[in-house]
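Dear colleague,

I am passing on the structure below, together with some notes on what was found when going through it. Please have it open beside you as you read.

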2 protein chains.
Amino acid sequence: MVKNGQGLGDIMAGKNISDMIEHYLKKILAEDEKIEISRSQIANLFNVVPSQINYVINTRFTIQNGYLVESKRGGGGYIRIEKVNLLDDVDVLDTLIEMIGNQLSLRDSETIVKTLYNSGLISKREANIILAALIPDEVDSNNDLIDIFRANIMISILNHLRYEK
Amino acid sequence: MVKNGQGLGDIMAGKNISDMIEHYLKKILAEDEKIEISRSQIANLFNVVPSQINYVINTRFTIQNGYLVESKRGGGGYIRIEKVNLLDDVDVLDTLIEMIGNQLSLRDSETIVKTLYNSGLISKREANIILAALIPDEVDSNNDLIDIFRANIMISILNHLRYEK
DNA sequence: ATAATAATGGTCAAAAATGGTCAGGGATTA
DNA sequence: TAATCCCTGACCATTTTTGACCATTATTAT
């Protein structure tokens with residue numbers, strides 16, 4: 001009984017299925033720069049459980065690799081993968097992300113925003129918007145939770161600055 | 001047997017019927033800015049149950065999206081959808097702030113950002129930064145709490161934009 | 001007029017159709 | 001042989017689709 005995506009050619013001989021799925025998707029992306037797939041359909045095509053598609057995406061189509069992924073559940077659901085252009089000075093972003101643990105104080109977040117501005121990664125206007133986002137007016141301070149949220153928000157923003165669309 | 005809106009062209013291939021209905025209505029609205037439809041007629045056109053038209057309206061033609069909907073039952077009943085022109089500048093901001101309670105869902109926040117962009121109040125890049133701030137990747141706290149934070153962040157940003165004017 | 005009846009649209013909850021997470025076991029590699 | 005990577009399946013979350021039942025308005029019969 002044929003199993004695990006045999007019959008798709010021998011180019012991938014010796015590699016595992018995840019590699020084959022990755023290869024398959026990237027081949028399409030080489031031409032279209034954006035694809036929309038059905039998770040179950042792809043899983044079916046390669047004879048694997050649907051969640052393996054998530055595994056492939058999580059390990060090989062990360063933003064660090066220059067891929068954006070969006071998805072939608074429910075009827076007519078999909079997974080969309082897009083190849084984006086990574087900027088040159090991603091190092092700054094990586095460094096900053098590393099410095100942020102899972103908590104980020106107000107003071108530190110201001111420093112980071114300043115750094116971003118000085119690096120030319122964001123404009124003054126953008127810096128102010130980010131600051132507004134990081135310091136919501138009347139959230140009761142003095143709470144670890146805020147610092148956790150702030151860290152998450154900051155990291156999310158930094159990741160978005162990696163690429164241009 | 002033809003099913004589910006086939007025959008209306010393949011532009012929408014891969015999307016669900018609700019999306020197609022939305023697309024169909026918005027296409028008309030792009031020219032007329034106000035339409036009056038018969039629920040059962042549209043339902044019939046797309047081969048769906050009438051209540052799906054309500055679903056489409058409730059999820060895609062909300063006031064946050066800039067649409068006003070009125071209807072009348074009984075003989076000669078109708079559903080009227082109107083594209084309302086978003087006010088100007090500060091008014092938009094005030095309106096948006098008012099619409100946000102103390103909680104803000106992900107979906108609604110995306111709509112608001114889209115509105116800001118469509119109103120020309122923010123650039124696409126700024127829109128993306130704001131979205132990144134509103135939708136931190138992996139916050140795993142209590143959901144209500146996230147919505148509360150999101151509301152605060154959004155309001156903070158809106159207020160900031162107002163002062164910049 | 002009034003009361004039935006027909007013609008609409010509205011609500012809501014269940015079912016169906018997707019995709020997501022996570023932890024454990026197996027396979028591969030250093 | 002320990003660490004890492006791959007694969008699987010049980011369970012979860014979200015969005016769409018459907019249908020039974022309800023509400024309102026217009027028309028028709030009495």
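In this predicted model, the crossing of helix 6 of chain A with helix 7 of chain A is right-handed. Helix 6 covers residues 124-134 of chain A and helix 7 covers residues 144-160 of chain A, and their axes come within 10 Å and cross at roughly 155°. Because angles over 145 degrees count as roughly antiparallel, helix 6 of chain A is described as roughly antiparallel to helix 7 of chain A. On the side of helix 6 of chain A the residues involved are I130(A), A133(A) and L134(A), and these meet R150(A), I153(A), M154(A) and I157(A) of helix 7 of chain A. Sorted by class, this contact has 6 nonpolar residues, 1 charged residue and no polar ones.

Helix 7 of chain A also packs with helix 5 of chain A (residues 106-118), at an angle of about 10° and with the axes 11 Å apart, which means that helix 5 of chain A is roughly parallel to helix 7 of chain A. Here L106(A), S109(A), I112(A) and L116(A) of helix 5 of chain A are in contact with R150(A), M154(A) and L158(A) of helix 7 of chain A, and the residues divide into 5 nonpolar, 1 polar and 1 charged.

With a relative accessibility of 11%, T111(B) counts as buried, and a polar atom of its side chain lies 3.0 Å from the backbone oxygen of R107(B). Apart from neighbours within four places in sequence, T111(B) is in contact with Q64(B) and N65(B).

Key
Residues are numbered from 1 along each chain as its sequence is written. Chains are lettered from A and ligands numbered from 1 in the order in which they are written. This is a predicted model: local features need pLDDT of at least 70, side-chain atom pairs count only at pLDDT 80 or more; totals for chains, interfaces and linings use all residues. Side-chain values use heavy atoms; hydrogens and water are left out. Axes are lines fitted to C-alpha atoms, for helices over the stretch in contact, and angles run from 0 to 180 degrees between N-to-C directions. Helices (H or I, at least four residues) and strands (E, at least two) are DSSP runs, numbered from the N terminus. Angles under 35 degrees count as roughly parallel, over 145 as roughly antiparallel, 65 to 115 as roughly perpendicular and the rest as oblique. A crossing is left-handed if the near helix is turned anticlockwise from the far one by less than a right angle, and right-handed if clockwise. Contact means heavy atoms within 4.5 Å. Ala, Val, Leu, Ile, Met, Phe, Trp, Tyr, Cys and Pro count as nonpolar, Asp, Glu, Lys and Arg as charged, and the others, Gly among them, as polar. Buried means under 20% relative accessible area, exposed over 50%, partly exposed in between (1.4 Å probe, protein chains only). A polar contact is a pair of N or O atoms within 3.5 Å; within protein, one must be able to donate a hydrogen and the other to accept it, and residues adjacent in sequence count only if both atoms are side-chain atoms.
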